[in-house]
Amino acid sequence: MKTAIIYCSETGFTQKNAQWLQEALGEDARLFSLKEARKESASSWKEFDAVVFDMDGVIFDSEREVMNCWVALSEKYGLDDILIPYYKCIGTTKDKTRQIMLDHYGDDFMFDSFSNEASQMFHEKFDDGSLPVKTGVREILSYLKDKGKK
């Protein structure tokens, strides 16, 4: 089955996962960054039987909304320059994020409390299904469904 794999990666972490998936699926799988996929003509998708999307950053704009929660909390607690360490955390693990934040704000930074509060804020805001969908996603999914793609 010819499969297109579409990903969006700021740090390379998601790209690496997409490459692993491509390797597992074999020679019938083709990898596209989101930018590359947007440049493809509608007719070029005809060759694929299935499309695999990375949800965060491709389907849903969750990354921006998580960042907005961290920014709101940084303002609440008077933390300066939250975006400097935050951008370094995109695509990393929670342990790596903790270390980045502690390196930036010092060992007394209450990372677990801050992270938990940001997560709670995010879920209170979006667990109702209102997480923003990226521009063009509905049209792409509709097109794929109409063409019988999986």
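In what sense do strand 1 and strand 3 (residues 50-53) pair, and over how many bridges? The two strands pair in the parallel sense over 4 bridges, where two strands count as paired if DSSP finds at least two bridges between them. Helices (H or I, at least four residues) and strands (E, at least two) are DSSP runs, numbered from the N terminus. The model is a predicted one, in which local features need pLDDT of at least 70 and side-chain atom pairs count only at pLDDT 80 or more, while totals for chains, interfaces and linings use all residues. Residues are numbered from 1 along each chain as its sequence is written, and side-chain values use heavy atoms, with hydrogens and water left out.

The confidence of the predictor in each residue is given by pLDDT, from 0 to 100. Over the chain pLDDT averages 87, and 97% of the residues score at least 70.

Together, 3 strands form an open sheet in the order 2-1-3, with parallel pairing. Strand 2 and strand 3 are the edge strands, each pairing on one side only, and the twist averages 20° from one strand to the next.

Strand 1 (residues 3-7) is largely enclosed by the rest of the structure, because 5 of its 5 residues are buried, that is, under 20% relative accessible area with a 1.4 Å probe and protein chains only. In a regular strand the side chains alternate between the two faces of the sheet. In strand 1, T3, I5 and Y7 point one way and A4 and I6 the other way, and all are buried.

Helix 3 (residues 62-77) has 16 residues and reaches 23 Å from its first C-alpha to its last, close to the 22 Å expected at 1.5 Å a residue, the expected span being 1.5 Å times one less than the number of residues. Its buried residues are S62, E65, M67, C69, W70, L73 and S74. The buried residues of helix 3 pack against helix 4 (83-89), helix 5 and helix 6 (111-126), contact being defined as heavy atoms within 4.5 Å. Helix 3 is followed by G78, whose phi is positive, near 70°.

Notes:
Buried < 20%, exposed > 50% of the residue type's maximum accessible area, 1.4 Å probe, protein only. Axes fitted to C-alpha atoms, helices over the stretch in contact; angles between N-to-C directions.
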